[in-house]
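Q: Please take a close look at the aromatic ring pairs of this structure. How are the rings arranged, and which parts of the chain do they link?

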Amino acid sequence: MAQLWGGRFTKETNQLVYNFNASISFDQKFYVQDITGSMAHVKMLAKQGILTEEEKEQILDGLEGILTDVQFGKLQITSEYEDIHSFVEATLIERIGEAGKKLHTGRSRNDQVALDMKLYTRDEIEAMDELLHELLDALLHIMEENLDTYMPGFTHLQKAQPVTLAHHVGAYFEMFKRDRLRLKDIHKRMNLCPLGSGALAGTTYPLDREYTATLLGFDGPTLNSMDSVSDRDYLIELLSAMSTIMMHLSRFSEEIIIWNSNEYQFVEIDDAYSTGSSIMPQKKNPDIAELVRGKTGRVYGALMSLLTTMKGIPLAYNKDMQEDKEFVFDAIDTVKGCLALFTGMLNTMKFKKENMAASAMNGFTNATDAADYLVNHGVAFRDAHGIIGSLVLYCIEQDKAIEELSLEELKKISSVFEEDIYDAVSLETCVNKRVTIGAPGKEAMEQVIAIERAYLQEEEY
């Protein structure tokens, strides 16, 4: 097929070169954005008197027809065309004739693809934000239902102090909340319209770039045409934000994998989100959590690929930048899929509360509170620390928890212990006396949950 840019050339492009150069196999993904941008461009051209009203209506009707036919499968986007822009323009000319040849007036494929990518990315950020909102809603539901579900809190994967499931899950709520804020920040910073920048130096046509920007929902036009066609910062920022989302999902997945193990038995993953073994009939594998953990590297790879692609590119547009799309498309699809599946897994997962509480009791997570008890009864902290160390060693030798020792046994370690030690080291007391905001105590958690519920009811965009 003759190319839209073929006038300068006297020989046909080598087929291998054409295939290597073409982007239609992946940039067809934003055919909606390409046609939407063209419609706004045509409206602006007519407003400025560059097109007649009749030409405008002809082109708009033609573009609307192409959009509808592609959406309903009546028109196929094929490799006959070099890119999505060529497909739309060539099909328009074929359908409406001479008027279609005026569609590209005052623009280049450089500012056109920059616009398409921004429109597509903006739509995907909003879709991702909604998925994060749904995940946060699922997390908040778990928090509301588990204010009294006691479990060990860990450092170094060692049992440290007792917390609640509500508090543990609340840590992930904060992570994903920050992820939403990052997306919102990227959305705001990228929301300037590159259309009208031309190939790199603008155009001699009297375009109204502010009008085009308004039609397309941007905050205004970009202010440097060279930067406009060569900027991929917003994609690097998005890949970085998505890498952080995946890191958070991966950390949570790792914990679910551990909690699902025979040694912990803190959770039961629903059958719909796990699989069995082809040889070991007893197995129930946490496949979704493992795949989310594995796909994190895939998104990291996309970030590193685009950073590497962009690091040596001089101004303005270079063909290297075509490499942005496949990485970004794949990363977006990966993150959205992981968010949706992870939320579904959480919504159907059962927590084994008795096992969680038993694990907290058997791991000396109340040892710090036992030391605090001694301090509150006049023992210096350093001495209390040593006494409780001896107490824990005795418990290990006797295969008992602190609260299982008799008062007589406790007094052999320190005469300061009295009957009230049992209440002081109970899981309920250990957790609920921590009342400062951000702590796991029930009173503090109820405050936090009210704050988080109000946050989820806010409009983000």
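A: Rings of Phe, Tyr and Trp, the last by its six-membered ring, form a pair if their centres lie within 6.5 Å; planes under 30 degrees apart count as stacked, and those over 60 as edge-to-face. The model examined here is predicted. Searching the whole structure gives 11 aromatic pairs. In one of them, Tyr 172 and Phe 252, the ring centres are 4.0 Å apart and the planes meet at 5°, so this pair is stacked. Because Tyr 172 belongs to helix H7 (residues 165–190) and Phe 252 to helix H10 (residues 233–259), the pair ties together parts that are 80 residues apart in sequence. With a relative accessibility of 4%, Tyr 172 counts as buried; Phe 252, at 2%, counts as buried as well.

For Phe 173 and Tyr 455 the centres are 6.4 Å apart and the planes stand at 75°, so the pair is edge-to-face. Both Phe 173 and Tyr 455 are buried.

Beyond these two pairs, one aromatic cluster is formed by Phe 154, Trp 259, Tyr 264 and Phe 266.

Lys 29 is placed over the face of Phe 329, 5.8 Å from the ring centre. Lys 118 lies over the face of Tyr 234, where the distance to the ring centre is 5.6 Å.

Notes: Residues numbered from 1 in each chain as written. Predicted model: local features only at pLDDT ≥ 70, side-chain atom pairs only at ≥ 80, totals over all residues. Heavy atoms only, no water. Helix = DSSP H or I, 4+ residues; strand = E, 2+ residues; numbered from the N terminus. Buried < 20%, exposed > 50% of the residue type's maximum accessible area, 1.4 Å probe, protein only. Lys NZ or Arg CZ within 6 Å of the ring centre and 35° of its normal.
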